[in-house]
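Subject: Handover of a structure and notes on it

Dear colleague,

Please find the structure below, together with its sequence.

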Amino acid sequence: MSVLLDSIGYSGWILHALIWLPILAVGLVLWGSEASAKHIAFWSSMVIFILSLGLWWAFELGWGGMQMESSVPWIPAWGVNYSLGVDGISLFMVLLTTFTTSLAILGSFNYIKKRERAFYALMLLLEAGVVGVFVATDLFLFYVFFELTLVPMYFIVGIWGGERRIYAAIKFFLFTAFGSLLMLVGVLYLFYQAKTLLGFPTFAYSDLLQVPLTGEEQLWLFAAFALAFSVKVPLFPLHTWLPDAHVEAPTPGSVVLAAVLLKMGTYGFLRFLLPLFPLAAQHPTVVATMMILAVIGIIYTAWVAAVQPDAKKLVAYTSVAHMGFVVLGVFALTVNGLQGGLVVMISHGISTGALFLLLGMMYERRHTREIAAFGGISRVAPILATAFMITALASIGVPGTSGFVGEFLALLGAFETHPTLTIIAATGVIFAAYYMLPMVQKVFFNKLDKPENVEIQDLNGREIAIMAPLCALMLIIGWFPTPILERMEPSVRDVLARVEAAAPAAPTAQASDLDGTVTIATKTDDEDADSPAVVED
Amino acid sequence: MELDFSRQLHYVWALLPEIVLCCFGMLVLVAGVSGRHRPGRSGEPSAAPSFGAISELGWLALVGLLIAGFFNGWLYSVTEVGSASLVAVDDFRLFANWIFLIAAALSILISFSYVYRQRLQAGEFYGLILLSTAGMMFMAGARDLVVMFLGLEVMSISVYALTAFNRRDRRSAEAGLKYFLLGAFATGFLLYGIALVYGATGSTNIGAIGEAISGGSATGGMLALGIGLMVVGFAFKVSAVPFHMWTPDVYEGAPAPVTAFMSVAVKAAAFIALVRVFLVGFDGAYETWYPLFWWLAAITMVTANLIALVQSNVKRMLAYSSIAHAGYLLVALTAANSVAVAGILFYLLVYTVMNVGAFAIVISVAHQGEERLQIEDYAGFGWSQPMLGVFLTIFLLSLAGFPGTGGFMGKIYLLQGAADAELWVLMTILVLTTLASYWYYLRVAWFMWMKDPVRADQHGLVISPLPMRAALFASVAVIIYLGLFPGAMLDFAQASVQGLGALGGSLLGMAP
């Protein structure tokens with residue numbers, strides 16, 4: 001496979017193609033007729049997805065730095081480059097994006113009935129923007145893509161959404177823009193420091209890593225960047241835009257929002273926050289704050305989800321809980337925690353995306369999302385019920401599904417450093433069963449007592465084609481996570497090595513080689529953070 | 001060619017663009033009252049001239065701008081020899097001239113149908129635009145406060161007349177009177193400030209003032225008072241809060257093409273003059289005026305963006321938006337380094353294009369008049385006029401400073417200048433007020449795309465004649481081009497700033 005890919009120079013052009021092919025497809029969709037829009041959009045997104053699959057083989061194992069890098073000067077006066085690259089962290093985000101976008105487009109065939117050309121054009125534009133976020137290795141370019149994803153999503157929610165779509169769209173837009181605008185000041189501060197301290201203007205990620213920042217500067221910049229990413233994640237208490245946006249967004253919008261847009265936030269944590277501001281990222285107060293917020297998010301939203309009468313709102317709240325596990329894992333600052341966080345990101349993208357697709361299919365049949373309006377439909381729609389069951393179990397994190405691998409690793413990683421918080425967070429897994437399973441029971445089991453529900457059709461061929469790969473992936477990742485883990489591990493270790501290298505505790509670690517007992521006795525709880533990982537190395 | 005200003009004739013060469021514009025201004029004026037352009041030629045005194053006759057005058061004015069542009073380009077090839085003169089022939093002035101020429105050309109292109117339907121006297125209308133443009137050019141090229149003041153008056157009086165131009169419309173007349181009275185008042189401040197500065201430094205030459213101040217021979221109290229009064233005078237012209245009270249009323253009342261013109265060109269001229277006077281002339285007194293501009297910038301950004309949030313009239317909303325943009329530019333002026341000044345040039349160029357573009361569509365929606373300016377009138381506009389809808393969305397996103405548009409690059413440039421001066425608080429205010437601006441810009445977008453029209457035929461009468469479309473296409477192309485490939489223009493702006501302080505002995509770029 002890799003020989004074939006090499007022969008066509010795959011790694012040289014693929015990242016550019018993944019950004020520009022969707023934009024080309026936007027042109028095709030707008031150029032074509034209203035009726036053909038969805039077919040053009042679907043097939044071009046499939047082509048993009050199939051092309052992106054090659055990344056799996058072209059990606060070189062055992063190397064944690066950027067791969068397939070290429071760079072073109074963009075704005076030389078400011079030292080901005082159009083430079084792209086992937087590593088073990090972004091690889092899966094790119095694949096997740098191309099995968100879910102094509103399924104989301106396939107899933108909107110029946111749902112989107114008006115202004116189809118504009119809709120599919122915006123979906124493809126969104127894909128280009130999101131891929132750009134994940135492959136940009138220049139901070140300026142990253143910011144441009146990060147902001148650019150807002151506009152298509154704003155219109156997708158605002159035009160094709162439900163009753164309160166405009167409110168939800170503007171809330172989504174202003175919340176996320178609020179964070180990213182403050183990040184812009186941070187970006188420019190970093191740029192200014194780079195220009196002063198390195199002697200040349202640059203936004204390149206690899207250069208910015210070299211900028212020596214004081215601890216206080218790092219805290220400020222960390223705050224600015226963390227705010228932008230936390231709104232996106234979303235971290236409690238900045239999550240209030242999410243339920244609104246999810247409920248009002250059309251199905252494909254919810255799918256892309258849950259599957260990839262939220263990941264831009266946690267991706268930002270891993271890509272920028274930890275490596276750029278390592279001192280701030282391991283500051284005990286910062287770590288404690290982020291982890292406590294994550295745990296509050298996990299528990300609180302689980303309770304809120306449990307009482308939602310609207311199935312879509314329920315799933316929206318579970319997103320906040322799942323992303324809480326990611327943040328928990330990331331700020332554990334251990335290999336297991338970071339890897340677990342990454343797997344939760346992938347797993348949440350697949351399972352929550354699938355849940356939204358299924359809810360969309362149910363909405364198309366019954367034109368309601370009220371849990372109480374359904375009941376016993378597993379008897380009339382067994383395939384739908386099976387798919388929903390698998391997805392719900394993956395979402396809860398039952399062993400054997402992708403959700404389990406991620407949450408287990410994240411909790412394991414967090415337990416190494418913050419056992420108390422982790423125990424509280426682990427109850428979130430129980431709550432997940434508590435809100436998800438009754439919903440499944442009320443919708444699919446119980447009595448088939450409503451005449452409208454008897455009429456419900458089972459999934460058709462197109463819908464099975466959407467759900468089959470999603471369910472398969474949940475199980476495959478659940479049973480065989482190693483190929484994924486081994487691809488991300490070197491990059492995760494690089495991030496951690498960078499954090500540890502800057503650690504004020506570094507001399508202590510050296511000292512522990514000489515005399516372990518003394519240092520362990522003097523260590524505080526938070527400094528314990530790194531020691532198990534170090535020992536394992 | 002070498003210009004030696006000890007020979008009077010060489011002033012003619014140095015001022016060729018301005019001279020061409022003045023000549024063409026008068027030519028258009030005369031042509032407007034003669035021949036088939038004269039109103040009432042067909043026997044009835046009230047009969048308006050035909051659309052064709054009006055556009056002929058418009059094209060004549062555009063030819064004037066084109067020739068002036070040609071000479072402006074030619075001036076790049078001349079060099080100055082000898083001592084300082086009254087007029088600067090540096091790249092800074094020439095870049096500013098491009099901005100004025102583009103603003104005037106776009107404003108003329110979008111006004112054809114408006115002038116025809118509102119039965120305005122085309123000859124006087126286009127003549128006044130050319131004359132005010134010439135005044136702006138004098139301001140940009142002035143190396144002496146008196147020349148600058150003359151240019152300012154030529155510009156202002158032409159614009160006062162243009163504001164009140166639609167004499168059948170009471171709002172237009174009211175706006176004209178208001179603008180004139182307050183403008184004259186502000187001019188008084190400016191003039192008094194110039195007099196005091198002259199008293200303190202013994203010269204009206206900007207270069208000589210700079211030398212006097214940095215040489216320490218200027219008297220402190222009188223100079224500070226003079227600088228303060230000049231700040232007030234200029235703050236009025238750029239409509240900075242709290243000297244902005246006239247702006248919403250005047251912008252709302254003036255004929256829409258005039259509003260478009262003055263919201264970009266008058267503001268640009270005032271900023272260009274501000275840069276030369278304060279950064280070259282008063283550079284040594286940076287400590288004196290820096291806090292004034294700091295506060296002006298902060299208050300302007302906050303107030304304008306907050307008031308714009310609640311506007312339901314689109315023209316008035318754009319008026320507040322233009323005040324807010326003055327605030328962003330004032331941030332760069334406070335920074336007072338070469339990056340910031342280049343940023344001001346770049347931003348003024350982008351702002352000119354995007355703001356005139358937005359006004360062009362406002363004019364279209366308003367049926368080439370002043371009828372439908374409420375935000376409800378935009379409901380469903382995008383779907384019935386997709387091209388204009390997409391264009392307005394692009395203009396609004398650019399005004400909001402969104403990536404992919406020239407407005408974003410401009411804002412980044414201003415912020416970079418501010419970062420070099422370490423104005424972190426001001427930068428934070430800038431981005432937070434930008435967040436507020438997203439609300440009112442996007443509100444228009446949501447009415448356009450997310451609401452259904454009130455009546456099915458609501459947008460049936462939207463008119464966008466060919467010249468307006470040409471202006472729109474050009475504006476959108478420039479905005480996207482500068483948003484995607486700003487490199488060349490950034491270099492150009494940066495290069496245009498280099499010669500700014502050459503004769504003034506300025507410390508440009510070294511300010512704290």
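Predicted model: local features only at pLDDT ≥ 70, side-chain atom pairs only at ≥ 80, totals over all residues.

Residues are numbered from 1 along each chain as its sequence is written, and chains are lettered from A and ligands numbered from 1 in the order in which they are written.

The contact between the chains

Two residues are said to be in contact if their C-beta atoms, placed from the backbone, lie within 7 Å. By this rule, 24 residues of chain A and 25 residues of chain B take part in the contact. Helices (H or I, at least four residues) and strands (E, at least two) are DSSP runs, numbered from the N terminus. On the side of chain B that touches chain A, at least two residues each come from α18 (406–420), α19 (424–450) and α21 (487–498) of chain B. The most is given by α19(B), with 12 residues. Sorted by class, this side of chain B has 17 nonpolar, 6 polar and 2 charged residues. Here Ala, Val, Leu, Ile, Met, Phe, Trp, Tyr, Cys and Pro count as nonpolar, Asp, Glu, Lys and Arg as charged, and the others, Gly among them, as polar.

The nonpolar core

A residue is buried if 20 or more other C-beta atoms lie within 10 Å of its own, exposed if 12 or fewer, and partly exposed in between, with C-beta atoms placed from the backbone. A nonpolar core is a set of buried Ala, Val, Leu, Ile, Met, Phe, Trp, Tyr and Cys residues joined through C-beta atoms within 7 Å. The largest such core has 424 residues, and B:A269 and B:A418 have the most contacts inside it. Helix α15 (residues 338–365) of chain B gives the most to this core, namely 22 residues. Apart from neighbours within four places in sequence, B:A418 is in contact with B:V331, B:A332, B:A335, B:A340, B:L423, B:L426 and B:M427.

Helices

Two packed helices are described by the angle between their axes and the distance between the axes. Axes are lines fitted to C-alpha atoms, for helices over the stretch in contact, and angles run from 0 to 180 degrees between N-to-C directions. Angles under 35 degrees count as roughly parallel, over 145 as roughly antiparallel, 65 to 115 as roughly perpendicular and the rest as oblique.

In chain A, the axes of α4(A) and helix α5 (residues 116–135) come within 9 Å and cross at roughly 175°. The two helices, α4(A) and α5(A), are therefore roughly antiparallel. Among the residues that make this contact are A:S90 and A:M93 of α4(A) and A:Y120 and A:M123 of α5(A). The contact of α4(A) with α5(A) has 10 nonpolar, 3 polar and 1 charged residues.

In chain B, helix α4 (residues 91–109) packs with α15(B) at an angle of about 0°, and their axes are 10 Å apart. This makes α4(B) roughly parallel to α15(B). The contact of α4(B) with α15(B) has 10 nonpolar, 2 polar and no charged residues.

The buried residues of α21(A) include A:E463, A:I466 and A:M467. Among the elements that cover the buried residues of α21(A) are α4 (88–107) and α16 (335–366) of chain A.

Single residues

A:V72 lies in strand β1 (residues 67–75) of chain A. Is A:V72 buried or exposed? A:V72 is exposed, because 9 other C-beta atoms lie within 10 Å. Leaving aside neighbours within four places in sequence, A:V72 is in contact with A:N81 and A:Y82.

Most residues other than glycine have a negative phi, and most peptide bonds are trans. Phi of A:L333, however, is near 55°, a positive value. A:L333 counts as buried, because it has 26 C-beta neighbours inside 10 Å. A:N446 also has a positive phi, of about 50°, and with 13 C-beta neighbours inside 10 Å A:N446 counts as partly exposed.

The peptide bond from A:V233 to A:P234 is cis, with omega near -10°. The bond from B:V241 to B:P242 is cis, with omega near 5°.

Yours sincerely
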